[in-house]
Amino acid sequence: MTQTKYFQEWFSNPRRDVIAGMVVALALIPEAIAFSIIAGVDPKVGLYASFCIAVVISFVGGRAGMISAATGAMAVLLITLVRDHGLEYLLPVTILTGILQIAAGALKLGNLMRFVSRSVVTGFVNALAIIIFMSQLPQFYDQGLLMYAMVAAGLGIIYGLPLLTTAVPSPLVCIVVLTGVSMSLGWDATLNTVGDMGDLPSTLPVFLLPQVPLNFETLMIILPYAVSLAIVGLLESLMTATIVDDFTDTPSNKNQECAGQGVANIVSGFFGGMAGCAMIGQSVINVQSGGRGRLSTFAAGIILLILIVVMGDLVSQIPMAALVAVMIMVSIGTFSWSSIKNLRVHHRTSSIVMLVTVLVTVLSHNLAYGVGAGVLLSALFFAYKVSGQLDISSAFEVDKKERTYHIRGQLFFVSASTFGDAFDFREVLEKVTIDVSQAHFWDLSSINALDRVMLKFRREGTEVELYGMNEASQTLVLEVAKFDKPDAKLDTH
Amino acid sequence: MNILACTDGSLYSPSVYDHAAWAARQMGGASIHVLHMLNPHHEEPAKLNYSGSMGVGARTALLQELVTLEAARAKIAKKRGKAVLEDASTHLKEAGVQNVVADQWHGKLSDEIANYEADADLVVLGKRGNNADFEKGHLGTNLERVVRSCQHPVLVASRAFGRMNNFVLAFDGGSSAEKAVEYAAKETLLRGMHAYLLYVGSGNAKIEAALAKAEATLKQAGFEVTIEHRDGEPEKVIGDIVAQDYIDLLVMGAYGHSSIRQFIVGSTTSAMMRTVKIPVLLFR
């Protein structure tokens with residue numbers, strides 16, 4: 001990217017970027033706190049991470065105007081790590097995640113995104129929304145009716161206020177009003193507040209080195225987590241980048257974004273934060289509030305830091321109910337509601353892919369598994385569909401003594417057996433011509449099937465002629481086929 | 001020979017056409033490619049919503065809203081662009097240019113000029129464009145970036161086309177100034193004009209030699225040459241000299257420094273072009 005383009009990405013839209021950054025910063029707080037608590041770490045880990053990631057990614061990311069911070073998708077992966085191995089492993093995992101992501105960027109793995117189909121993306125987004133929603137449910141535990149009432153009131157403000165005015169952030173009003181009410185009525189004694197969840201930072205983040213033994217054993221503990229985190233982080237970031245690309249009608253550099261996420265995570269790790277990635281919900285809020293440039297992400301990070309350091313005491317008074325309401329709003333906004341309607345319209349296979357992605361994710365709490373299952377399934381469905389593109393017809397020639405088979409379509413492992421079954425070996429013929437001029441042999445299985453057919457005909461004493469094989473298929477035949485070699489024998493397996 | 005004339009239908013456009021037509025005549029009947037870019041103004045959201053709240057199906061709703069708003073704008077811009085191009089063709093035909101191609105493309109001129117200037121020998125554009133009012137005192141938003149990415153000489157048109165009897169060549173002994181001298185000697189664009197070779201600063205033997213060589217080159221090509229040697233701040237002196245109304249064109253090297261340096265200290269080229277009222281021919 002040229003320098004001027006980079007400057008432009010920073011400063012083309014400064015006023016709106018800063019305002020949008022402010023709106024986004026407020027939307028970052030609930031998620032950072034809520035997911036720190038879910039991951040079993042202090043809220044300050046999430047808050048510092050959000051600040052570090054947002055600021056770093058604004059410089060090194062590949063998509064201007066996208067918001068990255070500590071996210072739910074990553075936090076749910078950290079639950080077992082923190083529970084089983086302790087907080088000190090969080091930092092090396094975060095750093096290793098960053099290294100893996102930088103490697104992914106350097107190897108241009110961002111291009112692999114095209115294997116993730118539309119249905120898988122929809123499934124991912126829906127699963128994400130469901131995870132965000134479900135992770136709010138424990139907050140209701142043991143809190144009584146007042147909690148439900150507060151959350152309902154919060155949602156009322158969040159959705160009601162924009163009908164009156166879109167000039168003030170309604171989640172902020174929700175937080176302020178609910179905090180005010182709970183403080184003045186003394187409900188903070190019964191209702192959980194942010195302060196009850198752990199300490200808020202009162203200092204700026206400081207640079208630290210991980211306090212774990214640097215040996216192979218440690219690596220074996222952190223590697224599986226880091227791989228999952230790296231994959232989920234990149235998937236969500238690249239999907240969000242595509243969404244922001246669509247919104248702004250401008251391209252982004254996906255591989256730079258991969259590496260940028262890595263750098264952001266490494267920095268976050270060294271400053272005591274946890275791994276994060278791009279956030280679909282907050283990026284949508286950013287675009288909606290007019291944010292387009294890198295400055296918006298930067299402003300969001302800085303304003304977040306100011307809010308938590310300066311307003312730390314007040315922040316700890318916020319009732320969890322207010323944050324739960326905001327997170328429910330994020331989850332509702334993230335969910336692709338049209339996908340439910342589309343279940344009936346879209347082809348059944350794409351609906352199944354979408355649902356499997358959601359199901360696997362929700363059961364495993366790991367978006368990487370969900371996407372893996374979805375990609376695998378869509379590949380299988382595709383292979384099956386293409387295998388249907390095989391048409392075999394035949395006709396007699398010269399007094400029923402010769403027959404020509406016309407093969408048309410794609411031959412590979414799925415369609416190989418259909419191919420083999422299409423020939424009638426009982427017929428007594430002088431000569432068989434197999435016309436493959438409109439067919440393509442893709443792999444070993446298909447060549448093997450062709451082998452079997454050719455050799456079987458020969459065994460019956462029929463002369464076989466293969467006609468019109470294209471060049472690519474021919475290369476494959478030369479490499480692996482047996483029928484064209486002198487000592488041709490049929491494989492027994 | 002082919003000239004790329006970039007227009008946006010702003011105040012400077014007729015002058016761009018006139019300059020292009022003049023250059024075409026000078027270059028022995030060059031063809032002119034009139035280019036109009038439809039700028040994507042995505043950085044300026046049409047409608048703002050600071051509510052920070054996401055409704056049901058927020059993504060699709062937001063995308064639809066953006067598409068509808070921008071579609072309306074784009075349609076108007078396209079229509080306007082067509083009119084601009086028609087106007088350009090008429091203007092150029094009237095000015096006696098036979099070979100005119102006019103077309104419009106999506107994108108930013110500054111990002112894409114490299115794609116269009118490849119088959120051009122000269123690029124002509126206005127000193128300011130449509131956004132001039134909005135950034136008074138600054139140069140056209142496109143100009144610097146376009147000049148930076150151009151491989152060919154760029155003729156920056158002033159507000160109105162005037163006579164073209166002489167030019168001042170700002171000579172600093174640098175490679176782009178030498179390139180300018182070579183171009184003047186070899187190509188026909190500046191033929192028949194009186195050349196003022198201007199050097200600003202305390203001279204030394206090296207500069208004197210370079211000046212003499214430049215003078216010889218130009219004289220050999222049939223130019224009448226006057227050498228001017230002044231002391232002082234280059235920007236100011238050049239500005240003062242070309243402000244006298246007998247000078248018709250300023251020829252100079254452009255943007256010798258990196259854009260990082262410029263971001264901090266500013267560029268002589270941009271400062272120059274801000275102050276002078278005559279057309280400027282730039283060499284990179």
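In the predicted model, the secondary structure of chain A amounts to 20 helices and six strands. Of the 493 residues in chain A, 51% are buried.

The domain assignment of chain A gives two parts, with domain 1 covering residues 3-337 and domain 2 covering residues 390-480. The centres of domain 1 and domain 2 of chain A, taken over C-alpha atoms, are separated by 58 Å. A pair of residues illustrates spacing along the chain and in space: A:T475 and A:I131 are 344 residues apart in sequence, and their C-alpha atoms are 50 Å apart. Of these two, A:T475 belongs to helix α20 of chain A, which comprises residues 471-480. A:T475 is classed as exposed because 12 other C-beta atoms lie within 10 Å, and a residue with 12 or fewer such neighbours counts as exposed.

Within chain A, helix α3 (residues 43-60) packs against helix α10 (residues 254-270) at an angle of about 145°, and the axes of the two helices are 8 Å apart. The crossing in which α3(A) passes α10(A) is right-handed. On the side of α3(A), the residues that take part are A:A49, A:C52, A:I53, A:V56, A:I57 and A:V60, and these meet A:G260, A:Q261, A:V263, A:A264, A:N265, A:V267 and A:S268 in α10(A). When the residues of this contact between α3(A) and α10(A) are sorted by class, nine are nonpolar and four are polar, while no charged residues are present.

Two loop residues of chain A were examined for their backbone geometry. A:K108, which lies in the loop between α5 (90-106) and α6 (118-136) of chain A, has a phi near 60°, a positive value in a residue other than glycine. Since A:K108 has 11 C-beta neighbours inside 10 Å, this lysine counts as exposed. A:D249, placed in the loop between α9 and α10 of chain A, likewise is not a glycine and has a positive phi, of about 55°. A:D249 is also exposed, because 12 other C-beta atoms are found within 10 Å of its own.

The contact between the two chains draws 39 residues from chain A and 23 residues from chain B. On the side of chain A that touches chain B, the elements that contribute two or more residues are α1 (3-11), α2 (14-39), α7 (145-164), α8 (170-184), α9 (216-248), α11 (280-288) and α14 (320-334). The largest share of this side, amounting to five residues, is supplied by α11(A). By class, the residues on the side of chain A that touches chain B comprise 22 nonpolar, 14 polar and three charged.

How values were computed. Residues are numbered from 1 along each chain as its sequence is written. Chains are lettered from A and ligands numbered from 1 in the order in which they are written. This is a predicted model: local features need pLDDT of at least 70, side-chain atom pairs count only at pLDDT 80 or more; totals for chains, interfaces and linings use all residues. Two residues are in contact if their C-beta atoms, placed from the backbone, lie within 7 Å. Helices (H or I, at least four residues) and strands (E, at least two) are DSSP runs, numbered from the N terminus. Ala, Val, Leu, Ile, Met, Phe, Trp, Tyr, Cys and Pro count as nonpolar, Asp, Glu, Lys and Arg as charged, and the others, Gly among them, as polar. Axes are lines fitted to C-alpha atoms, for helices over the stretch in contact, and angles run from 0 to 180 degrees between N-to-C directions. A crossing is left-handed if the near helix is turned anticlockwise from the far one by less than a right angle, and right-handed if clockwise. A residue is buried if 20 or more other C-beta atoms lie within 10 Å of its own, exposed if 12 or fewer, and partly exposed in between; C-beta atoms are placed from the backbone. Domain bounds come from an automatic or database domain assignment.
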